[in-house]
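Please walk me through this model in the viewer. Tell me what to select at each stop and what is there.

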Amino acid sequence: MRTFWLFQATPDGLPRKRQAVFWVWNLGILLAAGLCLGWLSLFFAYGDYPDTIMKTYFQHPLILFLNIAPVVLALFLLYALMGRSWSAFLLADLVIWGLSLGNYYKLRFRDDPLMFQDLKNLRDAAAITAMADYDLTPDKRCVFGVLCLLSGTAFLFFLARGKLPKKPRLILLAVCAALCLPTAKLMENTDVYNSKTQNFDQIERWSSTQVYLSKGFVYPFLHSITAGAVKPPAGYSQAETRALLESCTPEDIPEEKKVDLIAIQLEAFADFSLFDGVEGIDFHRAYEAYHALEAESYTGNLVTNIFAGGTVDTERAFLTGFADQQNYRADTNSYAWYLRSQGYAAEGCHPSYEWFYNRRNVNGYLGLPVYYFIENRFRELYPRGEAPDEVLFPEIFRLYEENRDGAGNPYFSFNVTYQGHGPYGTEDVWRGHHFTDGRYSTETANIVDNYLGSVMDTANQLQRLFNRFRQESRPVVLLVFGDHKPWLGYGNSAYQELGVNLDLATEEGFYNYYSTRYLIWANDAAKAALGGDFTGEGPDVSSCFLMNLLFDQLGWTGDSWAQATSAVWQEIPVLTDVGRYVRNGELTAELDAEGQKHLQTYLELQYYYSTHFQYK
């Protein structure tokens, strides 16, 4: 068949009519290959979500165009550069389908799409995948993708061998290069992304993951390249924002109120006993110790931006007070920097690897110059990998003692646990504690029993830690909070079987999806120094405003940032990057005019404070 004139490398010697047919065939087949490759990326774009989402792509021509046009453009650009259709297709397929496959598995395992910024953490992702023992066995969809890749490459290799002469290749290259700029502008356009490609028929509009996958994969992935950049909000005035901050006079923390502050962010720790209507689970035994701690603390709901993953979003929102996180590459203002300016020693622990999410560098940029990981502390304490809470919590206290008995400075310790990290085993129950009564499937029961076994152990370890600080003569305040709701099976299978409402269009579903708990506890010395009892139910608060709430409880005024953002916090205590807010005690997606003004003020403050480092 390769000897047939249509399948030759060049049409030399053929009549002019056949030469035209030759190039129509070769370029037409290449175009068809690009269209198929774009379609293949859509086939993987929605992960384990219903296949009906695939149908919605074809109901929105603009979504189809925005996903397929960049693929076709890239394929023709590679063809102009390489001169061979099969090699151009193979390279384009490896990149585009490879990214699509990464997005597919990330959605399956974490209910989180692949974004451009994630490519900076590929080593982290590979290590997490290996240690989490995710099931990467190719399914039918993956096998189909491989077959498409191989058959498409083979077809082009044998039957579309036409190689453009040098001059036409240069013209094609120039045309493709010229089209790259308007294509990039179209991918970047936020109005097109937010308004003109809305596709809510089969998804929850309040889920950032589902909104992303509702637009396909190639298009939202390319949009995320610029979406992750730090940009000033519309209407931003640097002079006005600086003037607002300068109008807030920074105040030092009074010496008598410089209590030691221990913050512990608990991995995937949430109170399932708050779920309405879930039966057949012994929540009392699982949460008895934790509820005892809440009874002697100031507690409330923490509303995060994330679900089942993305730990660093909560921890960095807490440290910075920023609702929108960025890829920190230089010293950036934070509450840790402020506390250090007040004479505090600042350090902390995370019993995992220092390169996860680049914590080794980023924690330093955010004002924590000393931080302990597996590499520089926990490998000696726990050689088997990530240390559990029974190892971490005593180490938190020991580091506190080192400071207490050494320099004796007021002390800020920010710690992030690893215990509680999913996935939770489906085959057996690791700790031997059973909390379910047999009414659920074996897989769901094992997931829930493993998760609640970890929760119960964490609460018991917290009690021991609190009791040690209870005996201290130095004033100590502990802040404990969960970073996000846990992973509970592929496609949230356990949540579904338990009957947990995750409908983000409802207030109950929103809180079930995005909220955890916080508690603020003070020993007797701290209560005496600060003049408060630190008990009762506090307000719902976003991760970015948790420090504002803490400062309020401690009686600290803080620096200009704390003061300016506290004015916003009092008006919009819950401010998320998924478009939901609490205003006048009501969860809403639409702020009134006054609320919108406060939001604009906050966004301007956030941009200025994140880009103008002041702690030299």
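Select Arg 377 and Glu 395. Both residues are buried. The model is predicted, so read every distance on this tour as computed from it. Arg 377 and Glu 395 form a salt bridge, with the closest N and O atoms 3.0 Å apart. Color by secondary structure here. Arg 377 belongs to helix H16 (residues 374-381) and Glu 395 to helix H17 (residues 389-405). The pair is 18 residues apart and links distant parts of the chain. Salt bridges with shared partners connect Arg 377, Glu 395, Arg 398 and Glu 402 in one network.

How many salt bridges does the structure hold? There are 23. Two further examples follow.

Go to Arg 108 and Asp 139. Their salt bridge has its closest N and O atoms 3.7 Å apart. Arg 108 sits in helix H4 (residues 85-110). Asp 139 sits in the loop between helix H5 (122-132) and helix H6 (140-159). The two are 31 residues apart. Buried or partly exposed: which is Arg 108? Arg 108 counts as buried because its relative accessibility is 12%, under the 20% cut-off. Asp 139 is partly exposed, at 22%.

Next, pick Glu 279 and Arg 439. Their side chains meet in a salt bridge at 3.5 Å, N to O. Glu 279 is in the loop between strand E1 (260-266) and helix H12 (283-295), and Arg 439 is in the loop between E5 and H18, so the bridge ties together parts 160 residues apart in sequence. Arg 439 has a relative accessible area of 48%, so it counts as partly exposed.

Stay with that loop and select Asp 428. Asp 428 lies between strand E5 (411-416) and helix H18 (442-470). Its relative accessibility is 43%, so it counts as partly exposed. Together with Asp 428, they gather in a patch of negative charge on the surface.

Now select strand E7, residues 515-522. How many of its 8 residues are buried? The count is 8 of 8. Look at the two faces in turn. Ser 515, Arg 517, Leu 519 and Trp 521 are on one side. Thr 516, Tyr 518, Ile 520 and Ala 522 are on the other. Both faces are covered. In a regular strand, side chains alternate between the two faces of the sheet.

Strand E2 (residues 298-303) pairs with E7 in the antiparallel sense over 6 bridges. Find Leu 302: its bridge partner in E7 is Thr 516. Strand E6 (residues 476-482) is also antiparallel to E7, with 5 bridges. There, Leu 478 has Trp 521 of E7 as its bridge partner.

Move on to another sheet. Select E10, E11 and E12. They make an open sheet of 3 strands in the order E10-E11-E12, with antiparallel pairing. Which strands are at the edges? They are strand E10 (574-575) and strand E12 (586-588), each pairing on one side only. E10 joins strand E11 (residues 581-583) through 2 bridges. Zoom in on Val 574, which stands opposite Val 582 in E11.

Last stop: Ala 330. Ala 330 is in the loop between helix H13 (311-320) and helix H14 (335-341). At 43% relative accessibility, Ala 330 counts as partly exposed. Draw a distance to Thr 611. The two C-alpha atoms are separated by 9.7 Å, though the residues are 281 apart along the chain.

Definitions and conventions
Residues are numbered from 1 along each chain as its sequence is written. This is a predicted model: local features need pLDDT of at least 70, side-chain atom pairs count only at pLDDT 80 or more; totals for chains, interfaces and linings use all residues. Side-chain values use heavy atoms; hydrogens and water are left out. Patches are made of residues with over 30% relative accessible area and no salt bridge: like charges are joined within 9 Å, nonpolar side chains (Val, Leu, Ile, Met, Phe, Trp, Tyr) within 5 Å. Accessible areas come from the Shrake-Rupley method with a 1.4 Å probe; for residues, only the protein chains shown count as cover. A salt bridge is a side-chain nitrogen of Lys or Arg within 4 Å of a carboxyl oxygen of Asp or Glu. Lys and Arg count as positive and Asp and Glu as negative; His and the chain ends are not counted. The place of a charge is taken as NZ of Lys, CZ of Arg, CG of Asp or CD of Glu. Helices (H or I, at least four residues) and strands (E, at least two) are DSSP runs, numbered from the N terminus. Buried means under 20% relative accessible area, exposed over 50%, partly exposed in between (1.4 Å probe, protein chains only). Two strands pair if DSSP finds at least two bridges between them.
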